[in-house]
Amino acid sequence: MEKLIVVGCGEHYYTNLAPALSVLESNNLVEVIATVDVKNTIDASPFFRHKIFHLSRHSDQLLSTLLHEFREVNPIILLAHSNSWHITDTVDLIQNGYRVILEKPYAINLAGITTLNSLFANFPNQIAFAEYYLMMKSIPLLYSANLLSNESFILGSPDYLMSLIEPNTIEEFRGVLKRIGQPRMVYCDILEGEGLTGTFHHRGYDFFDRRNGGGIIMDLAIHSLAPLIALEDFIGSVPNKETISIRGAYCDNYLEHAEGHHKIPLEFIAESFAEIRFTTHTHVPVTIMLGKYVLPNTNQRRLIIIGDEGEALLDMSSCTLSIGLRDQCPTEILRTPKNSESKYVPVLRGLLAIFGSASPYNFDSNKVALRGQELTLTIADSLLPITGERIIYSLGATPSQILPSFSK
């Protein structure tokens with residue numbers, strides 16, 4: 001059983017990590033032995049059956065020093081803390097022999113990505129990168145593309161953990177994606193509705209400040225790019241930034257909160273909506289829409305691949321894959337069950353499997369995640385500096401109201 005220490009006990013810890021880790025503990029797959037935060041105390045009791053040792057960290061403390069007493073049990077350190085500490089803490093821990101799971105954004109600048117690529121090349125068995133949309137929401141799509149290992153834990157897990165049995169005979173759907181024929185177009189929306197994913201006040205300073213890894217591109221682009229990179233053998237290679245078109249926009253209330261509450265200078269406020277377009281090397285056009293505080297009281301998370309024989313639709317809210325051939329309406333065939341307690345379980349269990357040299361995927365998820373983060377950063381950087389008038393939208397606006405037309 002792996003020992004694990006969580007660094008960072010904010011919203012992500014309480015919403016995603018702690019409930020999922022509690023499930024893994026109940027299945028004797030991991031033991032959480034400590035938490036670390038700049039706060040003196042945290043309340044882990046709603047999730048865990050035992051008292052967890054908590055360490056308060058000073059901003060100038062090295063984690064390798066703070067966690068020295070745990071070194072002999074060879075723990076995995078899960079870094080889920082402030083963006084600006086990701087690189088320095090990862091370097092410190094890996095160079096001192098620890099294993100690290102890193103949450104996104106893995107880096108907030110390209111220099112950080114260079115550092116991570118070097119660490120991954122030199123210490124490949126000591127670092128793993130968490131990517132929720134790739135490792136949980138996209139599982140039905142990955143299976144349909146034959147990108148899950150035959151021995152993957154995903155295929156034999158109980159329903160509350162992960163199941164793809166829709167209907168009962170799952171093997172008939174392995175590789176089914178190829179039935180839609182040659183891809184002709186890809187479209188991805190990750191649009192989070194007004195009021196449904198939190199108010200401005202529940203997000204910290206970093207989310208608004210592009211200097212600290214803020215903005216909708218840094219928050220959501222990797223979620224769309226990582227699955228597409230994993231599917232490159234099918235849709236074609238994703239290009240570099242020179243051939244990517246990008247536009248950003250800003251919610252009016254979001255701007256007011258960033259300026260008024262967080263006192264961020266206007267030129268450093270990150271975008272809250274973005275449209276990304278590119279063409280793969282096999283000439284498949286791809287359009288990605290990312291946004292928060294859009295659409296009146298609804299979310300729209302979907303990945304659509306249209307081929308010359310049909311289409312595939314991955315609903316990334318319900319984690320359901322539908323396939324339609326020719327003139328048929330898409331029919332639901334595969335689903336990843338999701339609830340608040342276990343939705344992050346596949347991510348964490350997959351990362352534990354990678355450390356155990358038993359990856360559940362037929363591709364290197366670490367390389368896919370790193371490349372997705374690097375491309376995310378290059379896209380985000382292409383919006384700098386912003387000159388001229390900004391595109392402003394009101395709460396609940398639709399994409400066509402925000403960006404009515406696209407011109408290169």
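This is a predicted model: local features need pLDDT of at least 70, side-chain atom pairs count only at pLDDT 80 or more; totals for chains, interfaces and linings use all residues.

Tutor: Start with a helix pair: helix 8 passes helix 12 in a right-handed crossing.

Student: Why are helix 8 and helix 12 called oblique to each other?

Tutor: Their axes cross at roughly 135° and come within 8 Å. Roughly antiparallel needs an angle over 145, and roughly perpendicular covers 65 to 115. The pair is therefore oblique.

Student: Which residues make the contact between helix 8 and helix 12?

Tutor: From helix 8, they include Met218, Ile222 and Leu225. From helix 12, they include Gly372, Gln373 and Leu375.

Student: Why does Gln373 count as buried?

Tutor: Gln373 lies in helix 12, residues 365-381. Buried means under 20% relative accessible area. Gln373 has 1% relative accessibility, so Gln373 counts as buried.

Student: What does Gln373 touch, not counting residues up to four places away in sequence?

Tutor: Gln373 touches Lys104, Pro105, Tyr106, Ala107, Ile113, Met218 and Ile222.

Student: Which residues touch the most other members of the largest nonpolar core?

Tutor: Leu21 and Leu116 do, in a core of 120 residues. Helix 8, residues 216-230, gives the most to this core, with 11 residues. A second, separate core has 22 residues, among them Tyr254, Ile264, Ala270 and Ala397.

Student: What is Leu116 in contact with, leaving aside neighbours within four places in sequence?

Tutor: The partners of Leu116 include Ile87, Leu102, Tyr106, Phe129 and Leu370.

Student: Now the sheet. What is the order of its 6 strands?

Tutor: The open sheet has the order 3-2-1-4-5-6, with parallel pairing.

Student: Why do strand 3 and strand 6 stand at the edges?

Tutor: Strand 3 (53-56) and strand 6 (127-129) each have a single partner strand, so one side of each is left without a neighbour in the sheet. From one strand to the next, the twist averages 20°.

Student: How do you know that strand 1 and strand 2 pair?

Tutor: Pairing takes at least two bridges. Strand 1 (residues 2-7) and strand 2 (residues 30-37) are joined by 6 bridges and run parallel. They therefore count as paired. Val6 stands opposite Thr35 in strand 2.

Conventions: Residues are numbered from 1 along each chain as its sequence is written. Side-chain values use heavy atoms; hydrogens and water are left out. Helices (H or I, at least four residues) and strands (E, at least two) are DSSP runs, numbered from the N terminus. Axes are lines fitted to C-alpha atoms, for helices over the stretch in contact, and angles run from 0 to 180 degrees between N-to-C directions. A nonpolar core is a set of buried Ala, Val, Leu, Ile, Met, Phe, Trp, Tyr and Cys residues joined through side-chain atoms within 4.5 Å. Buried means under 20% relative accessible area, exposed over 50%, partly exposed in between (1.4 Å probe, protein chains only). Contact means heavy atoms within 4.5 Å. Angles under 35 degrees count as roughly parallel, over 145 as roughly antiparallel, 65 to 115 as roughly perpendicular and the rest as oblique. A crossing is left-handed if the near helix is turned anticlockwise from the far one by less than a right angle, and right-handed if clockwise.
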